Amino acid sequence: QVQLVESGGGSVQAGGSLRLSCAASGSIFSMFMGWYRQAPGKQRELVAAVTTGGNTNYADSVKGRFTISRDNAKNTVSLQMNSLKPEDTAVYYCNAATYQNSWWGKGTQVTVSS
């Protein structure tokens, strides 16, 4: 069982930046880590992911603006979000996954005003 706790959400104006962090209760060394988001009335979507080897993948809508990173020594994964847009407003969730299991954090709200 892995517990994930997100932090760093908040309210910013368009063009601003936020950095989200996700702290895991155990080792993430062998886990595929990702950030997802869910806006009101929409399905949860993958924002960014990082493999155990450090390869990254981003949704087209955030490429060039968001950067995901992991620190296996600290069991954390972060999402640096720059040039934020109102359409980035959502609850952001951290996810940790292996081939057998998947765990979710409770989410952190990001609100971007125009």
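The radius of gyration here is taken over C-alpha atoms, and the globule rule is 2.2 Å times the number of residues to the power 0.38. This is a predicted model, in which local features need pLDDT of at least 70, side-chain atom pairs count only at pLDDT 80 or more, and totals for chains, interfaces and linings use all residues. Residues are numbered from 1 along each chain as its sequence is written, and side-chain values use heavy atoms, with hydrogens and water left out.

Q: How do you know that the radius of gyration of the protein agrees with that of a compact globule?
A: For 114 residues the rule gives a value near 13 Å, and the protein has 13 Å, so the two agree.

Q: What makes up the secondary structure of the protein?
A: The protein has 11 strands and zero helices, counting DSSP runs numbered from the N terminus (strands: E, at least two residues; helices: H or I, at least four). Arginine 37 sits in one of these strands, S4 (residues 32-38).

Q: Why is arginine 37 called buried?
A: Buried means under 20% relative accessible area, with a 1.4 Å probe and protein chains only. Arginine 37 has 6%, so the residue counts as buried. Across the protein, buried residues make up 40% of the 114.

Q: What makes the pairing of arginine 37 with tyrosine 92 a polar contact?
A: A polar contact is a pair of N or O atoms within 3.5 Å; within protein, one must be able to donate a hydrogen and the other to accept it, and residues adjacent in sequence count only if both atoms are side-chain atoms. The side chains of arginine 37 and tyrosine 92 are joined at 2.9 Å.

Note on methods. Buried < 20%, exposed > 50% of the residue type's maximum accessible area, 1.4 Å probe, protein only.
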